[in-house]
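This report describes one protein model, part by part. Please look at the sequence and the structure before reading on.

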Amino acid sequence: MKILLFGIMPLFLALSFPISSVIAQTDNEASEQEKQREPRIETYKENQGIDRLSFTEERKVIGLCKAAQSKLASLESSAVKAQDKHQAVYEDVFSKLDTLVERLSLASVDTSALSSVLSESQSDQAELTVLMANYTQALSDLALMDCESDPVGFKAALQSARVYRSGIVSSVKSLKKTLKETVKPIIIEIRTTLSQGEAGGE
């Protein structure tokens, strides 16, 4: 029995140390994330001009925020997937358009109008990417923060997320409109000019 016990103890100790190490590492990571989150929460408060809540609103936030956090975590996951998909689609679109501009330039075709609007569109796309990142970050902060101890911060972060989402919707519509109503007609015009030139040279 003693031999069996002596054989088990080293195994138990060997298994215990990694588990303790993992728990400690997880705690450290959570603590570090919380430290990084605190200044963002303060920024949400400043940006939204929210530094206090009425007693009634504070009680309401405290009573509902915990239940809302699981839904916010799910929303964050969906937002991240949508962001990745959006990024992949527009990277492909702009890559093809950049290649088109290069080929047209090599063929001595005037691409100034197309290049100009593409530059603006890519700048808009970069701003949209920032908005999406801010939105997912706000959702993450909402899902993970101690909302009951800081209802003001939760309210401000929630309002910030709504502002970011509104900006995303507006930016996506604007970008699609530019590509459809400005970029596409320019490309069609260039194609028509090239076709007419080929026809005239025959």
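## Buried and exposed

A residue is called buried when its relative accessible area is under 20%, exposed when that value is over 50%, and partly exposed in between. With a relative accessibility of 16%, Gln83 therefore counts as buried. The model is a predicted one, and its protein chain has 202 residues, of which 29% are buried.

## Overall make-up

The protein chain contains four helices and zero strands. Read from the N terminus, the order of its elements is α-α-α-α.

How do contacts in the chain divide by distance along the sequence?

## Confidence of the prediction

The mean pLDDT of the protein chain is 86, and 82% of the residues reach 70 or more. Which elements have the lowest and the highest mean pLDDT? Helix H1, residues 2–48, has the lowest mean at 65, while H3 has the highest at 95. Over residues 1–15 the pLDDT is below 50, and this stretch has zero contacts in the model beyond near neighbours in sequence.

## How H2 and H3 pack

Two packed helices are described by the angle between their axes and by the distance between those axes. Helix H2 covers residues 55–106 and helix H3 covers residues 112–144. Their axes come within 9 Å and cross at roughly 165°. Angles over 145 degrees count as roughly antiparallel, and H2 and H3 are therefore roughly antiparallel to each other.

The crossing of H2 and H3 is left-handed. Sorted by class, the contact of H2 with H3 has 20 nonpolar, 11 polar and two charged residues.

## Two residues of H2

Gln83 lies in helix H2. Which residues does Gln83 touch, not counting residues up to four places away in sequence? The residues are Thr129, Met132, Ala133 and Thr136.

Lys66 also lies in helix H2. Is Lys66 buried or partly exposed? Its relative accessibility is 44%, so Lys66 counts as partly exposed. Leaving aside neighbours within four places in sequence, Lys66 is in contact with Cys147 and Glu148. Lys66 can also be compared in position with Ala143: the two are 77 residues apart in sequence, and their C-alpha atoms are 8.6 Å apart in space.

## The loop between H2 and H3

Ser108 lies in the loop between H2 and H3. Is Ser108 buried or exposed? At 69% relative accessibility, Ser108 counts as exposed.

Most residues other than glycine have a negative phi. The phi of Ser108 is near 60°, which is a positive value in a residue other than glycine.

## A lysine in H1

Lys45 lies in helix H1. Its relative accessible area is 16%, so Lys45 is buried. Not counting residues up to four places away in sequence, Lys45 touches Ile50, Asp150, Val152, Gly153 and Ala156.

## Summary

The predicted model has four helices and zero strands. H2 and H3 are roughly antiparallel to each other, with a left-handed crossing. Gln83 is buried, Lys66 is partly exposed and Ser108 is exposed.

Note on methods
Residues numbered from 1 in each chain as written. Predicted model: local features only at pLDDT ≥ 70, side-chain atom pairs only at ≥ 80, totals over all residues. Heavy atoms only, no water. Axes fitted to C-alpha atoms, helices over the stretch in contact; angles between N-to-C directions. Parallel < 35°, antiparallel > 145°, perpendicular 65-115°, else oblique. Left-handed = near helix turned anticlockwise from the far one by under 90°. Nonpolar A, V, L, I, M, F, W, Y, C, P; charged D, E, K, R; others polar. Buried < 20%, exposed > 50% of the residue type's maximum accessible area, 1.4 Å probe, protein only. Contact = heavy atoms within 4.5 Å. pLDDT = per-residue confidence, 0-100.
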